[in-house]
Amino acid sequence: MSDNNNKSIAPLVATVVVLIAAIAAVVILVVMNNNKPVPAPDSGTVSDQNHVSSDASVQFRPTQELIDECNNNAHDLVANNYDIVRMFLIEPLPHENEPYGNKPEDGYYTASSSKYPNYADLEKFVKSVFTADEAARILTNIDGNGLTVYNEREGYGGALGVIADFKPVSGAAVPESSRIVFVPVSETECKLSVYPGADGNTDLSGVSADKILETTMVKDADGWKLTKLVY
């Protein structure tokens with residue numbers, strides 16, 4: 001079974017428009033449009049469209065270079081966030097059946113993934129998207145009760161194991177389109193508001209607060225990362 005047959009994520013098509021406001025603050029709007037079936041995490045791509053407007057309550061004035069850097073990383077990280085939502089909360093990676101159809105003794109099937117043939121590969125991906133604490137939570141305690149959806153199967157050469165009794169999380173979803181408003185607050189921190197389901201025609205002022213997903217993007221020695229999984 002292939003990953004692409006197992007799940008889908010829409011290629012997000014857009015162009016970039018950047019307007020510099022004449023006052024000392026900016027709010028950047030990223031539009032992520034999905035109009036096609038969503039490709040698997042192995043092949044997903046994301047593009048964006050930005051609009052810069054003024055916000056006098058924000059005192060930090062980012063450079064154009066920082067705006068471009070935040071833009072590129074925001075849409076990539078949110079797309080990867082949704083890949084992880086899918087794999088950990090909605091539909092696990094495909095797996096190989098045990099001999100004779102038995103349940104695995106360790107509770108994990110061996111995953112069949114060209115992108116993540118070993119546990120270390122998946123672990124590296126999660127850690128590239130999220131800060132250390134959040135990556136550890138996702139990998140080892142995503143439900144708050146010690147649930148480890150993926151693990152290294154002992155005796156299988158580091159193969160990636162997917163939990164046998166996976167149960168989809170109610171309410172977890174990957175939208176067909178999203179818009180992101182991001183506000184750089186320093187050279188190493190950017191606030192993100194994600195509007196699931198919104199597209200280029202959506203009036204964001206009419207979106208209720210409980211529909212907006214909030215997270216933060218921070219920069220460390222390894223690059224930009226999200227501080228929280230959002231869905």
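Author: Tyrosine 100 is exposed, with a relative accessible area of 83%; exposed means over 50% relative accessible area, buried under 20%, and partly exposed in between, with a 1.4 Å probe and protein chains only. Please keep in mind that this is a predicted model, in which local features need pLDDT of at least 70 and side-chain atom pairs count only at pLDDT 80 or more, while totals for chains, interfaces and linings use all residues. Residues are numbered from 1 along each chain as its sequence is written, and side-chain values use heavy atoms, leaving out hydrogens and water.

Tyrosine 100 sits in the loop between β3 and β4. Helices (H or I, at least four residues) and strands (E, at least two) are DSSP runs, numbered from the N terminus. The phi of tyrosine 100 is near 65°, a positive value in a residue other than glycine. Most residues other than glycine have a negative phi.

Now to the strands on either side of that loop. β3 and β4 belong to an open sheet of four strands, ordered β3-β4-β6-β5 with antiparallel pairing. Its edge strands, β3 (95-96) and β5 (150-152), each pair on one side only. Two strands pair if DSSP finds at least two bridges between them. Three bridges connect β4 (residues 108-111) with β6 (residues 160-163), in the antiparallel sense. Within that pair, tyrosine 108 has isoleucine 163 of β6 as its bridge partner.

Next, what covers this sheet? Helix α3 (residues 119-129) lies across β5 and β6, and runs at about 130° to β5. Axes here are lines fitted to C-alpha atoms, for helices over the stretch in contact, and angles run from 0 to 180 degrees between N-to-C directions. Tyr119, Leu122, Phe125, Val126 and Val129 are the buried residues of α3. Because they cover an arc of only 130° around the axis, they are on the same side of α3; the arc is that of the directions from the helix axis to the C-beta atoms. An α-helix has 3.6 residues a turn, so residues three or four places apart point the same way. The buried residues of α3 pack against α2, α4, β5, β6 and β10 (223-226), where contact means heavy atoms within 4.5 Å.

Leaving aside residues up to four places away in sequence, its contacts include Tyr108, Tyr119, Leu122, Leu139, Leu160 and Val162. Tyr150 is also one of three residues, with Ile84 and Phe88, that touch the most other members of the 44-residue largest nonpolar core. Eleven residues of this core come from α2, the largest share. A second, separate core of five residues includes Val181, Ala198, Leu204 and Ile212. A nonpolar core is a set of buried Ala, Val, Leu, Ile, Met, Phe, Trp, Tyr and Cys residues joined through side-chain atoms within 4.5 Å.

Eight bridges join β7 to β8 (residues 189-196), and the two run antiparallel. They form a hairpin with two residues between them, and valine 183 stands opposite lysine 191 in β8.

The structure holds zero disulfides, a disulfide being a pair of cysteine sulfur atoms within 2.5 Å. Cysteine 70 is in none, and its nearest cysteine sulfur, that of cysteine 190, is 4.1 Å away. That 4.1 Å is too far for a bond. Cysteine 70 is buried at 0% relative accessibility, and cysteine 190 is buried too, with a relative accessible area of 0%.
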